[in-house]
Amino acid sequence: MAEFIDFFESTGLANITWQQGLMILVGLGFIFLAVARNMEPYELLPIGLGIVAVNMPLTGLTTLPTEATGVQEAGLFGITFHYGLAFWNILPPLMFLGLGASTDFGPMIANPKTLLLGAAAQIGIFAAFWGALATGLFEIPEAASIGIIGGADGPTSIFISAKLAPELLGIIAVIAYSYVATVAFIQPPVMKLLTTKKEREIEMKPLRDVSRTEKLIIPTFIMIVVILVVPRSAPLIAMFMIGNLLKESGVVPRLVQASTDVILYVSTIFLMLTIGAQLVAERVFDLETLAILGLGLVAFCGGTASGVIFAKIMNLFLKEKINPLIGSAGVSAVPMAARTSHHLGQEANPKNFLLYHAMGPNAAGVIGSAAVAGVFLALIQ
């Protein structure tokens with residue numbers, strides 16, 4: 001009997017806390033949303049699985065490697081966190097390589113004004129940054145990491161958090177991806193509030209065809225300029241543009257396939273599992289988490305609003321009006337934000353086809369959020 005009691009006390013069943021039990025339910029909720037509701041399954045499913053795995057007690061999965069032991073006594077997710085994020089921080093740039101190889105800069109090149117919409121949508125980042133400082137709960141590096149949620153760019157949020165606020169990495173990443181997954185619910189009320197039905201009905205002419213030469217020259221030019229101005233953005237911007245240029249070159253189809261399939265999905269599964277694994281119970285149940293949740297929503301709504309408002313301001317000076325709905329796509333949630341602009345446009349006017357137009361500010365938003373992250377790193381780290 002004593003042996004049985006000793007064995008039972010060594011099991012997870014005897015050591016699980018109510019907080020861990022609740023986090024396991026949260027992880028199962030993520031899994032349900034991914035499987036049953038098909039909500040961003042490539043992100044939410046592995047995040048949910050990671051949450052479930054690490055909140056079962058006594059597993060040692062998140063034990064970090066130390067100088068003394070190296071990887072010998074480290075846990076699986078401790079190793080992927082240390083080398084994939086905190087130490088090397090290689091997983092987000094690898095994801096950017098795959099994303100770049102999947103991105104078409106044609107709409108942005110055909111309508112360069114959309115670069116301004118992508119830039120305007122980054123205002124939400126700074127609103128959340130100052131809001132985080134105003135709470136008194138966060139230092140400047142933590143506030144910068146929280147602010148990037150406003151760019152609705154999961155890999156960039158992870159990249160900067162791993163460098164500036166690793167203790168908040170799991171919370172920030174999950175909140176960022178949760179808001180990205182719920183773009184279709186968060187953005188429409190803000191977009192409708194700031195536009196009239198007449199504005200939402202505005203039809204935009206089809207964009208001109210963009211030549212292969214333009215698709216090779218413009219991304220190269222943007223990469224050089226952005227990295228020269230913001231050198232700390234290089235890991236993200238360079239990998240994003242390299243992936244895109246591999247695709248547009250048309251001469252390395254196997255490298256493109258490797259980037260969009262193997263590299264993107266391998267990095268995604270390790271990154272998402274590692275992020276979910278950071279959400280252990282003792283890190284979640286505190287005031288800071290609730291504050292980040294609220295600030296992230298403010299940042300995301302602020303980015304949506306600033307993009308729409310700037311589009312309305314541009315229309316004051318343009319002969320050929322743009323539909324202000326595409327301004328909301330300036331956040332980096334590719335392509336969900338662009339699809340949301342398109343759906344609202346068709347709801348107001350069935351003849352509207354805004355998807356291709358909205359992809360311009362959407363791609364510009366990815367560049368903008370990565371550049372802002374580089375600015376934060378240069379000024380803070």
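At 56% relative accessibility, Asn38 is classed as exposed, the cut-offs being under 20% relative accessible area for buried, over 50% for exposed and partly exposed in between (1.4 Å probe, protein chains only). The structure is a predicted model, in which local features need pLDDT of at least 70 and side-chain atom pairs count only at pLDDT 80 or more, while totals for chains, interfaces and linings use all residues. Residues are numbered from 1 along each chain as its sequence is written, and side-chain values use heavy atoms, with hydrogens and water left out.

**Asparagines with positive phi**

- Asn38 is not a glycine, yet its phi is positive, at about 55°.
- Asn38 belongs to the loop between α3 (18-36) and α4 (41-54); helices are DSSP runs (H or I, at least four residues), and these are numbered from the N terminus.
- Asn89 likewise has a positive phi of about 55° without being a glycine, and its place is the loop between α5 (76-86) and α6 (91-101).
- Is Asn89 buried or exposed? Asn89 counts as buried, at 4% relative accessibility.

**Nonpolar cores**

- A nonpolar core is a set of buried Ala, Val, Leu, Ile, Met, Phe, Trp, Tyr and Cys residues joined through side-chain atoms within 4.5 Å.
- The largest nonpolar core has 96 residues, of which Leu85, Ile158, Ile292 and Ile367 touch the most other members.
- Helix α21 supplies the largest share of this core, namely 12 residues.
- Another core, of 5 residues, lies apart from the largest one and has Ala53, Val54, Ala277 and Val280 among its members.
- Leaving out residues up to four places away in sequence, Ile367 touches Phe105, Met108, Ile222, Val226, Ile237, Phe240 and Met241; contact means heavy atoms within 4.5 Å.

**Helix α6 and its cover**

- Helix α6 is largely enclosed by the rest of the structure, because 9 of its 11 residues are buried.
- The buried residues of α6 are Leu91, Pro92, Pro93, Met95, Phe96, Leu97, Gly98, Gly100 and Ala101.
- Which elements cover these residues of α6? The cover includes α5, α11 (154-164), α12 (169-181), α16, α17 (253-277) and α21 (355-380).

- Leu246 lies in helix α16 (residues 234-249) and is partly exposed, with a relative accessible area of 21%.
- The C-alpha atoms of Leu246 and Ala101 are 6.7 Å apart, although 145 residues separate the two along the chain.
- Not counting residues up to four places away in sequence, Leu246 touches Leu97, Val252, Leu255, Val256 and Ser259.
- Thr114 is part of helix α8 (residues 114-120) and is buried, at 2% relative accessibility.
- A polar atom of the Thr114 side chain lies 2.8 Å from the backbone oxygen of Asn111.
- Apart from neighbours within four places in sequence, Thr114 is in contact with Pro107, Met108, His357, Gly360, Pro361 and Ala364.

**Nonpolar surface patch**

- Trp18, Leu22, Leu25, Val26, Leu28 and Phe285 form a nonpolar patch on the surface, with about 570 Å² of accessible area together.
- Such patches consist of residues with over 30% relative accessible area and no salt bridge, with nonpolar side chains (Val, Leu, Ile, Met, Phe, Trp, Tyr) joined within 5 Å and like charges within 9 Å; accessible areas come from the Shrake-Rupley method with a 1.4 Å probe, and for residues only the protein chains shown count as cover.
- Val26, a patch member, is found in helix α3 and is partly exposed, with a relative accessible area of 31%.

**Salt bridges**

- The structure holds 7 salt bridges, each being a side-chain nitrogen of Lys or Arg within 4 Å of a carboxyl oxygen of Asp or Glu.
- One of them joins Glu347 to Lys192, with the closest N and O atoms 3.0 Å apart.
- Glu347 lies in helix α20 (residues 336-348) and Lys192 in helix α13 (residues 183-194), so this pair ties together parts that are 155 residues apart in sequence.
- Glu347 counts as exposed, at 55% relative accessibility, whereas Lys192 is partly exposed, at 37%.
- Lys197 and Glu201 meet through their side chains in a salt bridge (2.5 Å, N to O); Lys197 is partly exposed, at 47% relative accessibility, and Glu201 is partly exposed, at 28%.
- Glu248 and Lys247 form a salt bridge whose closest N and O atoms are 2.6 Å apart.
- Glu248 is buried, with a relative accessible area of 10%, while Lys247 is partly exposed, at 27%.

Technical notes:
Helix = DSSP H or I, 4+ residues; strand = E, 2+ residues; numbered from the N terminus. Polar contact = N/O pair within 3.5 Å; in protein donor to acceptor, adjacent residues only side chain to side chain.
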